[in-house]
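Please open the model in a viewer and follow the selections below in order.

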Amino acid sequence: MAVTWFNDFYKVIADSPLSHWLEVLPQQLATWQKEQLHGDFNKWVKLLGKLPNTSPSQIDIQSQVKIGLPEDIDDYTQKHITGLLKQFGPWRKGPFDIHGIHIDTEWRSDWKWDRVLPHIQSLKNRRVLDVGCGSGYHMWRMLGEGADLVVGADPSQLFLMQFQIVKHFNPQPNIHLLPIGVEQLPTLKAFDTVFSMGVLYHRKSPIDFLTQLKNQLRKDGELILETLVVEGDEQQVLVPVDRYAQMRNVWYIPSTAALKLWMARVGFKDIKVVDLAPTSLEEQRATKWMEGQSLVDFLDPNDISKTVEGYPAPLRAVITARC
């Protein structure tokens, strides 16, 4: 089944400025399929095949990601779908509403989108790439803004399956998630807009990462970068000793001034910090769809302005720039 997903994408880009991606992508994805490490993947594919086909009477991906109404299906079908979706947890990025089934994800990704959207160029008729796209929530919102093609890149097998669930109920031909990391992206220089939200601090080499993002943009294309930051001047960068908010894979958290300097050194221009917001306990929390630990468990219980390790609590910035 996964082969079919990718074949559809190959057809979409065959006659586009992305066509030279076909020189490497099919082999990368063929290798990915042969080297599945997650023991649940084959089970997930079978479960995905059990999802019923429905006919959504309404679809809204502009103001939210809502596909279908409860009355489009009977109670048995709704319970059947709910039971299947629960087996694809934890659901971290969303929320999604499918025929009245509200997938209340750990993150209110819609709040992040509301902070980002007022500050970016129109996505209408644009070719868009979302690097580190998670389960694809923001990709659907990008499509809702009129993007001509939305491509996501994220190596997580679970996120791929969650994306394919939503696409099962809303089978749009111009939105695709590829299970690859940014380091596997060739220099494409073909996207009008590139998003990277919540990825930079996970990269061991942030300068290389910024360069990889720049390599995907056409001339004068726009980058939207959202990431953790700290307060300080151009030289202020937090490098956690071990963990940050219980995350092991956090390497560099710069100030916005330092980040702007990094981006300028890489060659970006018109760099603007357009939003700065602390992460609240309402924006990231445990739910029935993600029952593990969440932000409240990662902050100092006596002082939520600090993480349990004593670092500044999560502060997130949105930066826009042109190539």
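Begin by selecting helix α9, residues 256–266, where A258, L259, W262, M263 and V266 are buried (under 20% relative accessible area, with exposed over 50% and partly exposed in between; 1.4 Å probe, protein chains only). Helices (H or I, at least four residues) and strands (E, at least two) are DSSP runs, numbered from the N terminus. The model is predicted: local features need pLDDT of at least 70 and side-chain atom pairs pLDDT 80 or more, while totals for chains, interfaces and linings use all residues. Residues are numbered from 1 along each chain as its sequence is written, and side-chain values use heavy atoms, without hydrogens or water.

Next, display what surrounds the helix. The buried residues of α9 pack (heavy atoms within 4.5 Å) against α8, β11, β12, β13, β14 and β17. Just after α9, select G267, which has a positive phi of about 120 degrees.

Now turn to the aromatic rings. The whole structure holds 11 aromatic pairs (ring centres of Phe, Tyr or Trp, the last by its six-membered ring, within 6.5 Å; planes under 30 degrees apart are stacked, over 60 edge-to-face, the rest tilted). Select W91 and W289: their ring centres are 6.3 Å apart and their planes at 85 degrees, so the pair is edge-to-face. W91 lies in the loop between α4 and β3, and W289, 198 residues away, in the loop between β14 and α10.

Finally, select K86, which lies over the face of W289 at 4.2 Å from the ring centre (NZ of Lys or CZ of Arg within 6 Å of the centre and within 35 degrees of the ring normal).
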